[in-house]
Each structure stands twice: as structure tokens, then as C-alpha cells.
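Open the model in your viewer and keep the selection panel at hand. The tour goes from a definition to a helix pair, then to strands, then to the whole chain.

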Amino acid sequence: MIQRKVVYVLWRREMIKYFRARSRVVGAIAMPAFLLIFQGMGFRRAEFPGLPESIGYFQYLVPGIIGMTLLFTAAYAGMSVIMDKQFGFLKEVMVTPASRISIVLGMISGSATVSIIQALIILMMSVLLGFRLPFISAILSSVVIMVLISMTFINIGLILSSVLKDFHGFSTIINFIAFPLFLLSGALFPVSNLPAPIRVLSYLDPLTYGVDALRGVLIGYCEFSIVQDVFILSILSVLMVCASGYFFKKAEML
Amino acid sequence: MKVLFNMSAITIKGLTKKFGEFTAVDDVSFSVESGELFGLLGPNGAGKSTIINMLTTLLIPTAGDAYIAGYDLRKHPEKVRNNIGVIFQDPSLDIGLTGRENLDFHAMMYNINSDERKKRIREVLDIVGLADKADILVENYSGGMKRRLEIARGLIHYPKVLFLDEPTLGLDAQTRRTIWDYIRDLNRNYGTSVILTTHYMEEADYLCDRIAIIDHGKIIVLDTPFGLKNRLQGDRVSVTIEEDIGLIAGALREKEWVRDIVQNDRMLDVVISDHETNIPDIFQTASKLGIGISSIKISKPSLEDVFIHLTGSTIREQEGSRKTAKQDRMRRRMLR
């Protein structure tokens with residue numbers, strides 16, 4: 001069912017295109033970088049209720065911004081599917097005998113790699129700005145969590161791209177989804193500070209657990225437990241992959 | 001699983017596709033023999049591309065069945081995909097990759113191993129004459145080069161059935177000729193069954209073993225190009241007249257040897273039988289009415305004449321008259 005060659009070739013195509021289009025790298029990283037620099041530096045000395053004193057705001061913020069980078073890069077991965085649709089390339093992919101789940105997995109692996117490269121660039125920038133350099137083992141575990149976060153959100157974009165045709169529709173809807181997910185996730189402030197009714201929404205946001213797990217491994221502080229976070233994210237990402245596979249099988253890709 | 005005793009490359013039964021209220025393809029049935037070069041001829045929006053998109057598994061039929069290379073389209077789409085090659089009407093290349101990368105991508109999607117890929121890529125690049133341009137990004141290719149690359153790509157996995165949707169649309173005459181020759185060689189040398197859509201009469205006439213003329217989603221007639229032209233049973237006489245063309249057209253319509261008349265601005269296209277004896281009659285009829293004929297030309301009927309005879313208008317007129325129709329908008333929406 002899963003054809004490795006198909007997954008590999010779709011991944012390789014994404015890599016070739018990523019490294020050929022440098023502007024894409026810079027463009028996608030600008031927003032999180034600005035937030036990191038200005039929000040991070042501006043609130044550097046602020047004392048946040050709900051944060052242990054040993055952790056400064058900047059240390060707290062970095063995993064949040066990494067989560068944000070993953071969320072936005074991943075969610076926008078559907079955009080390249082829309083591009084392929086408009087340039088007709090998706091038809092070419094869909095008439096090949098490759099199984100739809102392999103196509104979905106290929107797209108996911110390509111976009112996930114891109115998201116993780118972006119997230120690691122942000123992590124390096126943070127270190128330059130004063131983030132305490134985590135151990136290599138912590139960085140490696142954080143990559144595992146990054147994979148899960150990217151998989152979850154890439155699928156939102158993929159499902160959307162299987163039913164939509166144009167750029168504008170896609171970016172409007174994806175912003176409507178991604179911004180609340182970002183703001184509710186506790187990337188910028190502790191979720192415990194939110195009023196109870198809104199906090200419920202936070203607990204429904206997959207990114208909440210992603211950011212929490214990233215904090216757990218990168219700064220050794222988390223609200224839930226890393227095991228619980230990873231468990232929730234794993235289940236979600238598998239479900240989302242299946243959903244994308246289903247949508248790609250159903251969709252008339254023209 | 002495999003349908004036994006079925007020698008057809010394609011068998012279609014009652015194929016129908018509706019987009020909301022609009023029926024794009026209406027109960028179409030035909031079959032394409034193995035090794036045949038089959039043409040779907042019709043104006044833009046007739047439903048040709050919709051048929052191709054259904055047969056290539058991109059659209060799901062509203063009703064009807066189809067078997068391609070012996071496999072049921074509905075039950076085994078992946079088997080169908082394995083046996084077909086498609087060259088789409090609109091470009092479908094990744095312009096951010098080189099020609100070779102596009103071909104390699106495609107071959108890998110078909111699970112062809114590395115050595116075989118290299119061999120076949122070289123082979124198809126030679127066929128379409130792009131060997132020296134293979135490592136340039138496709139965004140720098142000309143229209144003709146892109147088309148040739150798409151044809152090369154469609155061949156790389158040795159499909160049993162090749163679909164070509166308007167293969168030469170928008171290409172110059174010379175490139176068109178070259179592509180016709182590729183298609184023909186491929187069909188003859190490799191026995192690949194080919195089904196192509198076109199709205200160019202000369203393309204259908206030059207290439208196809210059999211042609212289905214399709215309009216408003218239905219097949220009007222299906223025959224060999226020779227058989228189609230023979231249907232008119234006669235020769236075409238084009239008469240140029242300076243005055244009162246309606247009068248003489250009316251008079252000629254009365255004659256039993258006149259098969260068909262198309263009246264243009266100052267030209268009358270008449271399809272007649274036995275032109276040797278009947279052309280003098282045309283002159284007599286004109287002089288009786290006091291009308292002068294300024295020139296007359298005899299030719300064999302073309303496919304275009306057959307088309308006019310069967311549909312009542314030229315392929316171009318049909319396109320024009322539909323510009324305003326609501327249907328046209330529907331068609332364009334689905335053709336995108």
C-alpha cells in the first residue's frame with residue numbers, strides 16, 4: 001500500500017524546490033523571527049504571572065515561536081498543492097498508479113522536512129539572541145515533537161487543498177484556522193492566564209500540547225507532561241494522515 | 001479480474017457526466033480496438049476532455065461503465081492508471097524542475113528502477129529530440145518544447161493506451177507536423193492504442209483510423225475518415241456569385257442531385273453527385289435566373305464538410321455562437 005519510491009520522489013521534489021527558491025525560506029521565517037526579536041526582547045524583563053521565576057520570558061517564548069513556525073509553515077504546505085493544481089501538475093501526479101496514501105505521505109514528508117528546517121533556523125537564531133543552548137539530546141527529542149506537530153497541521157492544509165481550487169480561498173481559510181490555533185496554544189503566554197471558557201478552547205488546540213512538549217524538552221518546564229503531550233499528538237497526527245488519504249482518494253483533482 | 005475475450009483497448013458503455021444541472025457527457029458508448037488510433041472530434045466544450053478525464057480516473061462518472069486495457073474503471077482505478085499514459089490539454093509540467101527531473105519524477109511514480117529509468121529517459125528524450133535541452137529548467141522551454149516533453153513523459157512507462165487531449169493545441173504548423181509523426185510512429189512501431197481529442201479537422205483526418213464526431217456531449221457519428229467523407233457521396237462545388245445568392249441557393253435545393261448546401265457571404269458550397277453532368281446544370285440554373293457566376297471550383301469533400309453536414313454549422317461558428325450562452329460558462333467552468 002505504501003510505496004517508498006513514491007514517498008521518496010515527492011519528498012525529493014519538495015527539497016529541490018525548497019533549495020532553489022531561497023526567497024521562500026526568508027519569507028516564511030520573517031514573521032516568527034520578528035516576533036522572537038521584538039516580543040522576546042521587549043518583554044525580556046517582564047514578570048509573568050503563571051511562570052516560575054527561574055524561567056525568564058524569553059526562555060519561555062522560544063519554544064512557542066518554534067511551535068508557531070511549525071504551525072504556519074505546515075498549514076501553508078497545502079498552498080503548494082493548490083499551486084500544483086493551478087499549474088496542472090497535480091493531475092500528472094494523480095493519473096499515476098501511485099497509491100493515494102503514498103502521495104499524501106510524500107507530500108507530508110516533504111513539507112514536514114521544510115517546517116523542521118525552518119524551526120531549527122529559528123532555534124539557532126534564538127540561541128544567538130540568548131536562548132540557553134539545549135543539549136544535543138534535547139534538540140533531537142524536540143525534532144521528534146516537531147515531526148508530530150508538522151504532520152498534524154500539514155494535513156489540515158492538505159485536506160483544505162483537496163477541496164479548494166484557488167489561492168485566495170485557501171489563504172483566507174487557513175489564516176482563519178491558523179491564527180486562533182496559534183494564539184490559543186500558549187505560545188505567547190501561559191494558558192492558565194486565560195479565562196476558563198477560553199481555556200477550554202486552548203485544551204482543544206493540538207498546538208497547545210505541541211508547544212508544551214517543546215518546552216518540556218527544550219527548557220525543562222511544562223504544564224502537562226511530555227508523555228501525555230506526545231501521546232495526544234501521535235494519535236492526532238495518525239488520524240489526520242488517514243483523513244488526508246481519504247480526501248485525496250475521494251477528491252476529483254482538476 | 002481481467003475481462004477475458006476482450007480485445008478492446010477501451011470499452012465504454014453509457015458513460016455520463018453531469019455537473020449540477022448541466023450534462024457534459026450524455027450516454028456515450030464506443031470501443032477502441034487494441035492498436036487503434038482513435039479520434040474524438042468536436043468543438044470546444046463538446047465534452048471531449050470530460051470523457052478523457054473520466055477515462056483517466058480524474059473525474060468520477062455520474063453513470064455508465066468503462067473498461068480500459070481490460071480493467072474496470074470503477075473497481076480498479078489503480079490498475080487502469082498503471083496501463084495508461086496521459087498528455088493533458090493544459091500544461092502539466094513542474095516548471096521549477098528541469099526536463100530530466102520531470103521525467104525522472106514520473107518514472108519513479110511508476111516504480112521503474114534506477115537503471116531502467118536512465119535508459120528510458122535517454123530513449124524518450126531522443127524520440128522527441130530534447131536530449132540536449134534536458135537539463136534546463138522547464139520554465140525556460142518554449143511551448144513546443146514543453147509539449148514534446150509532455151509527450152516524452154507520457155511514453156516513459158510504456159503505456160498500453162495513450163490519451164492525448166488536444167495534443168497540438170496552440171502549436172505552430174511545423175511543430176504540429178512533428179508531433180503528428182511522433183504519434184503515428186508510436187502507434188505503428190509499438191502498437192500503442194491511442195485515443196486523441198481534437199478540434200482540428202486535418203489532425204483527425206491525417207492521424208486517426210476512426211473518428212467519433214461529438215457535439216453537446218453526444219456522439220453524432222463514428223466512422224473511418226474515408227467512410228465519413230463518403231457519406232456525402234459526391235464532390236464539393238464552390239460557386240462564387242456576385243448577386244442574389246439566396247435565389248440560386250433556393251433553386252439548387254430543388255435538384256435531387258444536390259446533397260448539401262452551405263451558403264456563405266458570396267460563396268455557395270454545394271455538395272453534388274456526378275459533377276461531370278451536373279455542373280452544366282448549375283450554370284443553366286444561374287443563367288435562367290439571370291445571375292452571373294464569377295468562379296467555380298470542384299474539390300473532394302473534406303472532413304469539415306462532413307462536420308457541417310452533420311451538425312449544421314462549422315466548428316468555428318459553433319464556438320462563436322456559444323460565447324454568450326449560459327452553457328458556455330458552465331462548460332468553461334468545468335473545463336478549467
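Predicted model: local features only at pLDDT ≥ 70, side-chain atom pairs only at ≥ 80, totals over all residues.

**Stop 1: two helices.** Select helix α5 (residues 143–155) of chain B and helix α6 (residues 173–190) of chain B. They pack at an angle of about 10°, and their axes are 11 Å apart. α5(B) and α6(B) are therefore roughly parallel to each other. Now show side chains at the contact. From α5(B) come B:G144, B:R147, B:I151 and B:L155. They meet B:T175, B:I179, B:Y182 and B:L186 of α6(B). By class, the residues of this contact are 5 nonpolar, 2 polar and 1 charged.

Stop 2: Move to strand β1 (residues 8–19) and strand β2 (residues 22–33), both of chain B. Their pairing is antiparallel, over 8 bridges. Select B:S8 and find its bridge partner in β2(B), B:E33.

Stop 3: Pick B:T11; opposite, in β4(B), stands B:Y67.

**Stop 4: the whole chain.** Zoom out. Chain B holds 13 helices and 14 strands. Its C-alpha atoms fill a box of roughly 80 × 45 × 40 Å along the principal axes. Of its 336 residues, 43% count as buried. Among contacts in chain B between residues at least 6 apart in sequence, 70% join residues at least 24 apart.

Notes: Residues numbered from 1 in each chain as written. Chains lettered and ligands numbered in written order. Pairing = 2+ DSSP bridges. Helix = DSSP H or I, 4+ residues; strand = E, 2+ residues; numbered from the N terminus. Axes fitted to C-alpha atoms, helices over the stretch in contact; angles between N-to-C directions. Parallel < 35°, antiparallel > 145°, perpendicular 65-115°, else oblique. Contact = placed C-beta atoms within 7 Å. Nonpolar A, V, L, I, M, F, W, Y, C, P; charged D, E, K, R; others polar. Buried ≥ 20, exposed ≤ 12 C-beta atoms within 10 Å, placed from the backbone.
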